[in-house]
Amino acid sequence: MAQLSIHHRKCPHCGSNYFVKRGYFYKQHTKTYIPRYNCKSCNKTFSTRTLSPTFKQKRTDLNPQVFQYLTSGASIRATAKALGCTYKTAYLKFLWLSKRAQDIHQKQRFSLKELYFDEMLSIEHTKLKPLTIALAVSDSYEILGVQVGKIPAQGKIATISRRKYGYRPNESSVKTKDLLTEVKRQALIKRFTIKSDSKPEYHRIVKKIFSNLPYEQFISKENKDKRREQKYLKTEKHIFDPLFPINHICARSRDLTKRLVRRSWCTTKVPEHLERALYLLIAKNNKYRLFS
Ligand SMILES: [Zn+2]
């Protein structure tokens, strides 16, 4: 009987442990021979890679590097160029990594004392098609969840946007609600303080989902003005920012995700991909183990 790792003592197809070794296959890039097995009960074959998360991948060696690049402010195309692989390889790795990050994230449970949430703005190819990113952060700087939704363009470009691309739904409230519902599911301790900026809709949403939890809203604009003045006054430099964790994480994500960098050439073309890129960031920020 061939020796298999602890996870593979059974046939992955039928669960029988009556199987024999039958040859190898060669993995070109890692230069290793992987043994194959033949199940005597169902006559199907399998290898140690059958149940592996990287099953059917040729360049498993690139996974950690692609992850590192994509969460260090590189675009998918730049990642491919730096690693000497094709765009398609890097793109497929992006999809795989984000799926894995999302799966791990959804199984996580968080114990938090404070919950911060806010919305960030981004765009879908053009400023005429803005996107909103609802983001929740805990007091220990873990990203608790993320939701991306479409919002209509505002201000002077609103009419141009409507003429060119038609009606655009406003998913801001829906996505914030989804985000908070998801956080409620993943919270271990059901009692914590919720903090956000003073957007009027938030009060209604929070009261609907967390009816009896303490909720504080802060006026962020006043704080920003104060900070701007303080730069020149040189009196008290450190002004306490009550929403620091969420503001810090938002600033970090703008730096680490290429498509969120301001005044960048790189934009999101598919809104789902923005969410995928953010899951990579969650995996990096929350230190998930994607490769073991
Ligand atoms: Zn079998």
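## Close-up views of a predicted model

In strand 6, Gly-145 is the bridge partner of Ala-136. The model is predicted, so local features require pLDDT of at least 70 and side-chain atom pairs count only at pLDDT 80 or more, while totals for chains, interfaces and linings use all residues. Residues are numbered from 1 along each chain as its sequence is written, and side-chain values use heavy atoms, with hydrogens and water left out.

**View A. The hairpin of strand 5 and strand 6.** Strand 5 (residues 126–138) runs antiparallel to strand 6, and seven bridges join the two. Here strands (E, at least two residues) and helices (H or I, at least four) are DSSP runs numbered from the N terminus, and two strands pair if DSSP finds at least two bridges between them. Four residues separate the strands of this hairpin, and Tyr-141 in the turn has a positive phi of about 65 degrees. Strand 6 (residues 143–150) is mostly covered, with seven of its eight residues buried. Buried denotes under 20% relative accessible area, exposed over 50%, and partly exposed the range in between (1.4 Å probe, protein chains only).

View B. Seven bridges connect strand 1 and strand 2 (residues 32–39) in the antiparallel sense. Within strand 2, Cys-39 is the bridge partner of Phe-19.

View C. Cys-11 is buried at 2% relative accessibility, whereas Cys-14 is partly exposed at 40%.

**View D. Aromatic pairs.** Rings of Phe, Tyr and Trp (its six-membered ring) pair if their centres lie within 6.5 Å; planes under 30 degrees apart count as stacked, over 60 as edge-to-face and the rest as tilted. The count by this rule is 11 aromatic pairs. The rings of Phe-117 and Tyr-202 have centres 4.8 Å apart and planes at 65 degrees, so this pair is edge-to-face. Phe-117 belongs to strand 4 and Tyr-202 to helix 6, so the pair ties together parts that are 85 residues apart in sequence. Both Phe-117 and Tyr-202 are buried. Tyr-141 and Phe-244 also form an edge-to-face pair, at 6.4 Å centre to centre with 70 degrees between the planes. Tyr-141 lies in the loop between strand 5 and strand 6 and Phe-244 in helix 8 (residues 244–256), so parts 103 residues apart in sequence are tied together. Tyr-141 is partly exposed, with a relative accessible area of 32%, and Phe-244 is partly exposed at 40%. Phe-19, Tyr-37 and Phe-46 are linked into a cluster by ring pairs.

**View E. Salt bridges.** A salt bridge is a side-chain nitrogen of Lys or Arg within 4 Å of a carboxyl oxygen of Asp or Glu; by this rule there are six salt bridges. In the salt bridge of Lys-199 with Glu-119, the closest N and O atoms are 3.0 Å apart. This pair links distant parts of the chain, 80 residues apart: Lys-199 is in the loop between strand 7 (193–197) and helix 6 (200–209), and Glu-119 is in strand 4 (residues 114–124). Lys-199 is partly exposed at 27% relative accessible area, whereas Glu-119 is buried at 17%. Glu-182 and Arg-185 form a salt bridge of 2.7 Å, N to O. Both residues lie in helix 5 (residues 172–186), three residues apart, about one turn of the helix. Arg-59 and Asp-61 meet in a salt bridge at 3.1 Å, N to O, and Asp-61 is partly exposed at 29% relative accessibility.
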